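Please consult the sequence and the model alongside the text.

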Amino acid sequence: MNVIQPLIELQDTDGQIRDLEREARDIPQRKAQEQARLAGVNAALEFAKNHLEAHRGMIRKEEAEAEEIRAKVQTLKLAQTSIKSNKEMQQSIMQIEGLEREAETAENRALALEEETPTFEKNVAVAQEKVDAEQGGVDGLVADLDARLAEVNAELARLQQERAERSKAVSDADPRTLLYYERLRTRRWPAVALLNSDDVCDGCHMKQPPFVGQSVDRNAKIIESGGTVQGPVVCTMCGRILYRDL
Ligand SMILES: [Zn+2]
């Protein structure tokens, strides 16, 4: 029975499984990267909002201060009705004038700050735009990655079935070859390599001693005549299972 043909088919399935398993492992990382990028633009928006809020807080503080002073002025003006002496009246007027200047100064500071508000608001708007733009892109990409992962897992399930059938075909032809392959494939990939006409292993590119080529050819003849080989012929350097071009 031909053991090489089913072995190469099994290796082909294993190759597909390896690729898909790697992809399945990468998908969560790619999702995490996308989400980290989104977290970055969200943090920038938060920062801009906090700046704007702090700025508005400063304006409110100045306005409150002005209001407080104006209230004091009001109280002093009401008290003037009960003032008896000219001197006291002079003092009250001066005090009120001083307070009014203070209130005006606070109001001017509030106005100056108010002029800067559009800049802070614009920063927030720009950051918000970035979040909106990224959010859509990231959501779409994450959805695509989830869909791809589902596809990969479905394909892996199918390939595992195919692998079971193909490994049985190898085992039916020569169980020792299958055992050897199963042990080797986790350490050497591909585990099955072509031995070219110069007796060079295609896996490690080392020239093989003559007996290796002779054994491969002998096995090929046994297979051709419908016989069963006694285990695989392997590379003396890398241990890969060798075969001639079919
Ligand atoms: Zn080799």
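## Glu165 and helix 2

Glu165 lies in helix 2, where helices (H or I, at least four residues) and strands (E, at least two) are DSSP runs numbered from the N terminus. Glu165 is exposed because 12 other C-beta atoms lie within 10 Å. By definition, a residue is buried if 20 or more other C-beta atoms lie within 10 Å of its own, exposed if 12 or fewer, and partly exposed in between, with C-beta atoms placed from the backbone. Between Glu165 and Arg185 there are 20 residues in sequence and 18 Å in space, C-alpha to C-alpha. The model is predicted; local features need pLDDT of at least 70, side-chain atom pairs count only at pLDDT 80 or more, and totals for chains, interfaces and linings use all residues. Residue numbers start from 1 along each chain as its sequence is written.

Helix 2 covers residues 86–173, 88 residues in number, and its first and last C-alpha atoms are 125 Å apart, close to the expected 130 Å. The expected span of a helix is 1.5 Å times one less than its number of residues. Helix 2 has a kink of about 35 degrees at Glu116, shortly before the proline Pro118; the bend at a residue is the angle between axes fitted to the seven residues ending there and the seven starting there. The buried residues of helix 2 are Ala106, Ala127, Val138, Arg166 and Val170. Their cover includes helix 1 and helix 3, on the basis that two residues are in contact if their C-beta atoms, placed from the backbone, lie within 7 Å.

## Helix 1

The 76 residues of helix 1 should span 112 Å at 1.5 Å a residue, and the helix agrees with this because its end C-alpha atoms are 112 Å apart. A kink of about 25 degrees is located at Asp26, shortly before the proline Pro28. Arg30 also belongs to helix 1, and it counts as partly exposed because it has 15 C-beta neighbours inside 10 Å. Although Arg30 and Leu145 are 115 residues apart in sequence, their C-alpha atoms are 8.2 Å apart in space.

The buried residues of helix 1 are Ile4, Pro6, Leu7, Leu10, Gln11, Asp14, Ala48 and Ile69. They pack against helix 2, helix 3, strand 1, helix 4 and strand 2. For Gln11, burial follows from the count: it is buried because 20 C-beta neighbours lie inside 10 Å. Gln11 touches Pro190, Ala191 and Val192, residues up to four places away in sequence not being counted. Gln11 and Ser167 are separated by 156 residues in sequence and by 9.3 Å in space, C-alpha to C-alpha.

## Backbone features in the loops

In the loop between helix 3 and strand 1 lies Pro190. The peptide bond that joins Trp189 and Pro190 is cis, with omega about -5 degrees.

The loop between strand 1 and helix 4 holds Asp199 and His205. Asp199 has a phi near 60 degrees, a positive value in a residue other than glycine, and the positive phi of His205 is about 65 degrees although it is not a glycine. His205 is exposed because it has 11 C-beta neighbours inside 10 Å.

## Domains and the nonpolar core

The domain assignment gives domain 1 (4–167) and domain 2 (177–243); such bounds come from an automatic or database assignment. The centres of the two domains, taken over C-alpha atoms, are 62 Å apart. Six residues of domain 1 are in contact with 10 residues of domain 2. On the domain 1 side, helix 1 (residues 4–79) supplies the largest share, five residues.

The largest nonpolar core has 21 residues, of which Val3, Leu7, Val192, Ile241, Leu242 and Tyr243 touch the most other members. A nonpolar core is a set of buried Ala, Val, Leu, Ile, Met, Phe, Trp, Tyr and Cys residues joined through C-beta atoms within 7 Å. Two or more residues come from each of helix 1, helix 3 (175–184), strand 1 (192–194), helix 4 (210–224) and strand 2 (241–243). Domain 1 and domain 2 each give at least three residues to this core. Leaving aside neighbours within four places in sequence, Leu242 is in contact with Ala193, Leu195, Cys201, Val212, Val216, Val233, Val234 and Cys235.
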